[in-house]
Amino acid sequence: MQEKSPFPNISPENKPRAKERGATRREFFDALSEPLVKTAEGINNKDAVPEGVSVAEESPKISRRSFLGLPKSLDKNIKESNAGKETGEKINSINSLSQLKGKIPEFIINILKKITNGEKLNRREVLVLGAVATTLGLGSYYGGKLYRMNIQEDELAKSVLEKLTADEKYQKMLSEQEEAEAETEEEVEPMSIQEIFDYEKERIEFDDTTVEAIKNYWKKKYGKNGKLYQDFKKAYYEMGAWEAYLKEIFAKEGVPEQYLYLAIPESHWNLKAKSGAGAVGPYQFMASTAVSYKLKINNVIDERLDPLESARACAKNLKYLYGVFGDWNIALSGYNGGLIWEYKKEADADKKSYSYRDYQKYIERSINGIKDELEKGIFKHEVEQGHALGRIARRYGSNVDAIGKINNLKKDKKGRYIIGVGQILEVPVTTMNKEEVFWRLVSAYRENLDYPAKLNAISELIKNGEVISKKEKMIFSHHSLKVSNKSYYLIRKGGNLADASKKLGIDLRMMERLNPNCVKRKKFIKFYPELMNGTKINLPPDMSITYTLEDLARKTGRSVEKLATVNPAIKDFNSPLPMGYTIRVLEV
């Protein structure tokens with residue numbers, strides 16, 4: 001069914017007659033504006049509103065010549081601003097567009113928004129566009145072409161858009177309107193991951209709505225009235241000193257800027273943070289992962305503690321994960337656990353493409369599978385390297401004898417049950433501890449799903465201005481350490497040859513050959529006696545000693561504390577730094 005035109009005076013039937021009458025552009029414009037005038041007047045007379053036209057509230061009476069809702073006072077301003085100008089130079093005080101909201105037919109606002117968003121207009125909207133162009137002072141563009149409907153829509157839209165884009169107040173109006181529309185959307189009720197993973201539920205579901213609920217939960221926790229707000233505020237403030245450098249690092253790796261704030265949920269920007277699992281630093285790296293991304297870890301230096309080096313490793317890790325899965329949310333989940341690789345195996349086997357939505361369903365199936373097994377009272381456990389039966393029993397709230405009996409396990413000579421890596425054990429689970437066991441078994445899933453939602457919550461809060469104050473950017477220069485020409489190392493604070501070898505990173509056997517007097521033997525036992533302060537230890541010919549942080553403080557005229565602030569990777573201020581190591585020196 002063809003849509004009824006809201007412009008009865010310019011319907012296809014009467015256009016030819018208008019042409020035969022020799023209609024001028026002014027007559028055509030009057031014909032177009034008449035239903036709009038009726039629309040505005042129809043606020044107090046609903047019968048006057050043409051069918052198919054919706055109107056904004058509080059529309060004032062408007063003349064045909066200014067049917068877009070321009071106030072009468074503006075007409076005078078337009079005349080004054082145009083006075084004395086050539087026709088081609090006429091301008092229009094378009095700042096009045098900021099007053100359009102709630103004052104003109106709503107369908108015109110919608111057309112303007114469609115133009116701004118680059119959307120395709122239909123024929124009726126193109127006609128209105130022509131009138132809008134005229135009212136904006138763009139002149140009698142296309143003249144008869146407008147009348148014959150033979151309009152180059154893209155060009156006309158471009159002209160109008162350029163005029164609108166130049167008006168900041170109009171852009172502000174659109175922005176406020178979009179924000180108001182966003183606020184009116186129904187907000188998902190905040191829910192914690194614990195509430196979503198309720199064991200009492202018949203089935204646990206995880207989808208986009210639950211992701212939004214978890215995000216809103218963390219927005220509430222990190223928001224101004226939340227328990228974590230002060231930690232959030234402090235972390236954001238402290239990050240300010242490094243933020244410019246962090247942005248460069250993430251941009252260089254092609255990782256979205258918001259991911260630099262991963263350090264907030266990870267550590268609250270505590271550079272020395274250490275998790276129970278052993279992850280260290282602001283971006284929380286395990287030693288094995290850190291080394292794979294070429295971070296230095298030894299007795300003197302741990303680059304996991306360095307904001308920029310750990311950020312570089314973080315960005316590279318996320319870039320790699322995104323390259324595998326093509327989804328940033330999956331990459332985030334992978335940053336916090338290894339479940340994504342099990343998902344990948346399943347997706348590859350089913351020849352399915354990767355998506356976070358599909359990953360959510362994989363987690364959902366896994367969690368409900370665990371729940372179903374627990375409900376049966378028997379849980380199947382695959383033995384992994386290092387798993388002892390006692391540890392397995394404690395995990396499920398069971399006991400070794402119950403597991404041994406149900407699996408017919410044999411015992412060794414010492415009476416211990418024999419199990420092997422890869423063996424599937426049936427573990428009895430009592431009704432009393434099913435829920436407790438469930439929480440233990442799904443902990444990795446919970447943390448994994450919490451992660452993207454938590455970061456997205458923090459990103460939104462930052463974007464919305466919940467935290468503003470930032471520490472001033474630190475300005476520092478880089479200095480590659482010059483090495484000394486000494487062929488020996490001077491013992492300053494006691495210790496023995498083995499201690500010196502460990503500090504300097506030199507093979508102990510080589511040190512023994514160069515310093516035989518520092519090695520003692522008693523029968524078949526070799527030991528290293530304590531050395532006096534001032535004792536010289538010979539070094540290999542190609543070995544030189546770099547400075548300690550204390551040495552550098554004296555040479556640069558900076559305090560050890562200031563050097564440590566910009567070089568947090570250095571753990572031991574008194575130990576020689578590696579040859580060629582680059583340090584930062586804070587500019588005064």
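Which residues are linked in a network of salt bridges? Here are my notes.

1. Before anything else, this is a predicted model, where local features need pLDDT of at least 70, side-chain atom pairs count only at pLDDT 80 or more, and totals for chains, interfaces and linings use all residues. Residues are numbered from 1 along each chain as its sequence is written, and side-chain values use heavy atoms, with hydrogens and water left out.

2. The network consists of Glu212, Lys215, Lys219 and Glu460. A salt bridge here is a side-chain nitrogen of Lys or Arg within 4 Å of a carboxyl oxygen of Asp or Glu, and by that rule there are 21 salt bridges.

3. Take the link between glutamate 460 and lysine 215, whose closest N and O atoms are 2.6 Å apart. Glutamate 460 sits in helix H22 (residues 443–463) and lysine 215 in helix H10 (residues 208–222), so this pair ties together parts 245 residues apart in sequence. (Helices are DSSP runs of H or I with at least four residues, strands are runs of E with at least two, and both are numbered from the N terminus.) Lysine 215 is buried at 8% relative accessibility, while glutamate 460 is partly exposed at 26%. Buried means under 20% relative accessible area, exposed over 50%, and partly exposed in between (1.4 Å probe, protein chains only).

4. Glutamate 364 is buried, at 7%, and lysine 361 is partly exposed, at 25%.

5. Another pair to look at is lysine 296 with glutamate 303, at 3.9 Å from N to O. Lysine 296 is partly exposed at 42%, whereas glutamate 303 is buried at 6%.

6. Now the strands. S1 (residues 378–382) pairs with S2 in the antiparallel sense over five bridges; pairing requires at least two DSSP bridges between the strands. Opposite valine 427 stands phenylalanine 379.

7. Lastly, Glu200, Asp372, Glu375 and Glu435 gather in a negatively charged surface patch. Patch members have over 30% relative accessible area and no salt bridge, with like charges joined within 9 Å. Aspartate 372 belongs to helix H18 (residues 356–376) and is partly exposed at 44% relative accessibility.

Key
Patch = residues over 30% accessible without salt bridge, like charges linked within 9 Å, V, L, I, M, F, W, Y side chains within 5 Å. Areas by Shrake-Rupley, 256 points an atom, 1.4 Å probe, with all protein chains shown as cover. Lys, Arg positive; Asp, Glu negative; His and termini not counted. Charge placed at Lys NZ, Arg CZ, Asp CG, Glu CD.
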